[in-house]
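Here's a quick look at the charged pairs in this one. Have the sequence and the 3D view open as you read.

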Amino acid sequence: GNFDLSTSPKTELHAHQHLGKQGSSHTPMKIFNKMFESEIIRGYLRNHCEESFDSETVEFCTEVFHFKREGQATLERAQYIMNRYIIVDAEKQINISSNERDRTIGFLKSIRETIEEGKDRQKRRERPKSREIDDAVGSDS
């Protein structure tokens, strides 16, 4: 059947009570994250989204959930998620604003650049030592 994902003050209050956090600083996103931990809730969401032809969103959230929770937070895994769900014309492109898409792509790019810069700095530090060793070995012969 139909699964209504809309929220009202009553449903948000129920979510707060269910989580034992009535009156707390839980935002709707924190509530969603907590609810998304349940395989049952994810199953309901997946079924609803398949019926409404929007399964990519729940699949994306599931990928991110596993990325964060199961020690899969690697640069390669982030790139896989990016290629599958975020980039324009991705196989399962999710519906987000172009600003959010650009910001996310730029963020991953800046992480890659920072890592490459660190590798380059490390190589530059190692080169003089190699030359000193080569000079020492060459002068002994």
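## Salt bridges, pair by pair

Lysine 119 and glutamate 116 sit 3 residues apart in helix 6, so about one helical turn separates them. Helices here are DSSP runs of H or I with at least four residues, strands are runs of E with at least two, and both are numbered from the N terminus.

A word on the source: this is a predicted model, where local features need pLDDT of at least 70 and side-chain atom pairs count only at pLDDT 80 or more, while totals for chains, interfaces and linings use all residues. Residues are numbered from 1 along each chain as its sequence is written, and side-chain values use heavy atoms, with hydrogens and water left out.

How many salt bridges does the structure hold? There are 6, counting a side-chain nitrogen of Lys or Arg within 4 Å of a carboxyl oxygen of Asp or Glu. Among them are these:

| Pair | N to O distance |
|---|---|
| Lysine 119 – glutamate 116 | 3.7 Å |
| Lysine 92 – glutamate 59 | 3.1 Å |
| Arginine 77 – glutamate 63 | 2.4 Å |

Now for arginine 77 and glutamate 63. Their salt bridge links distant parts of the chain, with arginine 77 in helix 5 and glutamate 63 in helix 4, 14 residues apart. Glutamate 63 counts as buried because its relative accessibility is 14%, whereas arginine 77, at 23%, counts as partly exposed.

Conventions. Buried < 20%, exposed > 50% of the residue type's maximum accessible area, 1.4 Å probe, protein only.
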